[in-house]
Every structure is written in structure tokens, then in C-alpha cells.
Amino acid sequence: MTDQDPELLNVAPGEPHDSMLSETLSYVIGLGLALVLTGVSFWVASTSVLWGPGVATGLVVLAIAQMGVHLVFFLHITSGPDNTNNVLALAFGVLIVFLVMIGTIFIMAHMNTNMGVSPELMNLQMQH
Amino acid sequence: MTTASEAPAVGLTHQSSEDTGLGHRGPESKSIVVPYGFWLFVLSDMVLFSALFASYATLAHATDGGPTSSELFHRGLVAVETLSLLVSSFVCGLAMIAAKRANMLWTQVWLLVTGLLGFVFLSIELYEFASMIAEGAGPQRSAFLSSFFTLVGCHGAHVTCGLLWIGTMMAQIWTKGFQPHIMRRLLCLSVFWHALDIIWVAIFTIVYLIGTLP
Amino acid sequence: MTVVQLLYSIKTRDQRRDVTGDPWDGRTLEWLTLSPPPHYNFAVLPDVHGEEAYWTRKQTAIKMDQLIDEPDYQPIEMPVNTPTGVIVAFFASICGFAVIWYIWWLAILGLIGAFAIFVWYAWRDEHEHIIPVEEVRANARERRRIRMEHLHTLSQSV
């Protein structure tokens, strides 16, 4: 494969900016949003603003939002035509992560229920 | 099976070859293919972490009568760790912007700051691990603690490798300048560093925040 | 019994050697290259049409008694060989062994060794060597000559 690219600074797909200001702005906005989301996460976890059982879900939603902010503003994963390969790869990665995590949690929870472990043994394993 | 008489219909006219010398209609240039390949590696790394997360989620309550997450984790320290890593990610972006303009001074400055903030993160984490082990809450104490040390320790090991890589890149840029292959490596490093911050978002939410809910 | 078979294979290897690159009248594209293949594998990226690209191409060549036109050869960029992988694996094995037996000083030594080799590898200036167009063309023409003879044999056995 011959490298016919003479440009020293040709960069990966998804970087359409040329001006330093707009590039820097992308990172500044990303940092700002991430700081806000982090602050809100810590706040939600310490006050009773959300209904008790819903706090964990709320935190996960905030985490996913912050991961999205990182992907778009820091990693420049956009929906441009140059970026399609990156987005497809990401989608596949997310699918596998989703399967592994949800699958494991589902299976383990049901296994514990179905195995009918005696209460004393269960207490030894799970202490709260 | 197509017969020979159908060959022209399939596009083989034998009059002109559309076979290409590699490079014409061949793969994309290295500056596109290399970061894409590294992105694929980073995604596989995230699959590794998802397996560790799944183990942690399963074993988070298997404390064997020992210390629990609420007793062990300090949110203040976690907040400092999170801010360090987040700002280091931002500063890494600034380093890339400077590198694209072949600005030696600012590339080195921002890379140094990235490394220092990463080192702050790592120090806090090592301090946390050491104090947990000192009070008897080491990885051998319970399944919960084993999975905690594996998950967070794996992330810390990745951060350590990232710091070594940052140091190496700073030295390489200094001695070799902003050549194309150095730029590609820098781009891969920044993808790696941002990905580590993404994983930390998941860790601080699931392990530290959800683990210390009242 | 296996020994006898092995010895026989080694003794008669010159008579049974295949030079055509397509000893079993293959149907898929990997049979396009020489045997043994050049270290860059293929001289050009073949233009592929339809389902059985190689088979169609071969049958057309047999029927029209000529190979497809010569493509426009280009110089090929190949990576430079390096022993880095093997040496790093050696140090990684040392590290792994040491970690199993809690020999911490050896584990750290292994890691330092692996990292040192990595840095040494990162500092080299020659990453690729270019195979000149003349060499690519010469190999490809040799292949075409061999392939034309082979196709005659194939068309007769049909």
C-alpha cells in the first residue's frame, strides 16, 4: 500500500475544523458539559432530590450522557460521511459491552434465585 | 457457476484490466487507517472492561462479613481523581491542537500537564489502595474487594501505561519533530487517553457513587 | 508408519513440488498468487466482479486462451522486519513467571525490559522499505508465464 498522502498534518476522519479557535472550542464545550454532568452526578448521589430507588438509574443515565459528551467533543465521533466506519465500530463495541454486562447480570440474578440457596449460606455470601 | 460465454456480462472483457496497482483504488492512507485500527483496539479494551464491570456488578454485595463499599470509599478523594482525569483529557486535546500546528513549546507544555494530572490521579488511587490494604481490606478479604481491586486496578494499570507512553512521546517529539508517523502515534495516544477517561466515568458512577448511596 | 511416510515425503519432494500456485484448480482468489508467494503476497489488488471472481476469471482466460491485460504495476511498501515482538514476549514471559511465584523484583525487571525494547523499537527511523516497480513487474510476468502454461494443462484436462 503506497502512502500517497503528502500532507504532514492530514488527520483522522471527523476533524473538519481548520481554525484553532473552533478546535479549541470543541474541547472547551466538552470540558464544560462534562464538569456539569459530573457535578450533577455527585449532587444527585448526596441529596434526596431523586426518589430513592431511582437514584442509581439517574446516575447511570448521567454517566452515559457524559460518555457521549466525551465521544463527541473529545474523540470527534460525529455523523459525517468520513466518520461512518468509526461510528459502526463504536456501535458494534457498544453492542458487545451491552450483551456482556446485561447478560451477566441477568444470568447471575436468575441463577441465584433459581438455585434456592439456603438463607444461612446466602447470608454468608451477601452481607448487605 | 457462470460459463465462459457469460464472462463479458460479469464484467470481464479481457480488453482492459481494472486490477489496480496497490495505491490507486486501494486502502485509505496511513493517517486514516492507523487511527481507525487503534480505535478498534480501544473498543476491544472496553469489552475487556465490560467483563470486569460485569464481575464487579455480580460480586458487589459479596462482602463476606467484611468491609462494604459504603465503609471504604471517600467521595472527596474520588471527586479530586475525577477532576484530575477530566482536565487531563481536556489538556491532551489542547496538546493535539498545538501539535497540528507543529508548535514544539505548547505541545510539550500541554503533554506535560496531561502527564502530571494523570500522575495526581494515580497517586490518589495508590494511596487509596494502600490505606485499604493497611486496614485489612485488601483484595483477598472478600469477593467484592477482589473484583474492586481487579476493576479499578486494571484501569490504574492502563493509566500507568498511558503515562509511560506520554513520556515516550514527549521525548520522541523533542528528538524527531512532528513527522507523519510521530503525529499518528500522538493521535493514537490521545484516543487512548480519552478512552481511559470514558472508562473512569463508568467507574466513578457505578463503583464509587452507586456504591456509597445511603 | 508415520516415520516412513515422512521420510518418503522428504525424499520425493522435488518431484512433487507445485510451482503453478494453483495445484487443485481452485475457485477462490487466494489461488491468484505464486507458489511460494512473494513476501508482499499479491502484486495488485484484483478487480472483483460477481460471485466466483477467480473461477470466472480463470475460465474466461482458458476460453480466450490469454490472460487478462497487464495491470499498471506500482511500487509496494512493505514493513521492515524486526525481532521486537519476540524479545518483548520473552520479557513478558519472565514477568508472568515472576508474578506467579511472587518474585516481585523479577517481575519489575521483566516489565522494564519489555518497555526498554519497545522504546528502542519506537526510535528506529526506517519503518518500511519500498519494493521497486521493476521487481514487482518481473515477478508478476514470471507468474503470468507460469500461469498461462498451467491454464493450457487445465483446459486439456477438462
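The largest nonpolar core comprises 69 residues, and I203(B) and V207(B) have the most contacts inside it. A nonpolar core is a set of buried Ala, Val, Leu, Ile, Met, Phe, Trp, Tyr and Cys residues joined through C-beta atoms within 7 Å. A residue is buried if 20 or more other C-beta atoms lie within 10 Å of its own, exposed if 12 or fewer, and partly exposed in between, with C-beta atoms placed from the backbone. This is a predicted model, in which local features need pLDDT of at least 70 and side-chain atom pairs count only at pLDDT 80 or more, while totals for chains, interfaces and linings use all residues. Residues are numbered from 1 along each chain as its sequence is written, and chains are lettered from A and ligands numbered from 1 in the order in which they are written.

In soluble globular proteins, nonpolar side chains tend to be buried together. Not counting residues up to four places away in sequence, I203(B) touches L151(B), V152(B) and H155(B); two residues are in contact if their C-beta atoms, placed from the backbone, lie within 7 Å.

Chain A has four helices and zero strands. Helices (H or I, at least four residues) and strands (E, at least two) are DSSP runs, numbered from the N terminus. Of the 128 residues in chain A, 18% are buried.

Chain A meets chain B through 48 residues of chain A and 51 residues of chain B. On the chain A side, α3(A) provides the largest share, twelve residues. The table divides the residues of this side by class; Ala, Val, Leu, Ile, Met, Phe, Trp, Tyr, Cys and Pro count as nonpolar, Asp, Glu, Lys and Arg as charged, and the others, Gly among them, as polar.

| Class, side of chain A that touches chain B | Number |
|---|---|
| Nonpolar | 30 residues |
| Polar | 15 residues |

In chain C, helix α2 (residues 53–64) has twelve residues and should span 16 Å at 1.5 Å a residue, which agrees with the 17 Å between its end C-alpha atoms. The expected span is 1.5 Å times one less than the number of residues. The buried residues of α2(C) include T56(C) and A61(C). After α2(C) comes D65(C), whose phi is positive, near 55 degrees.
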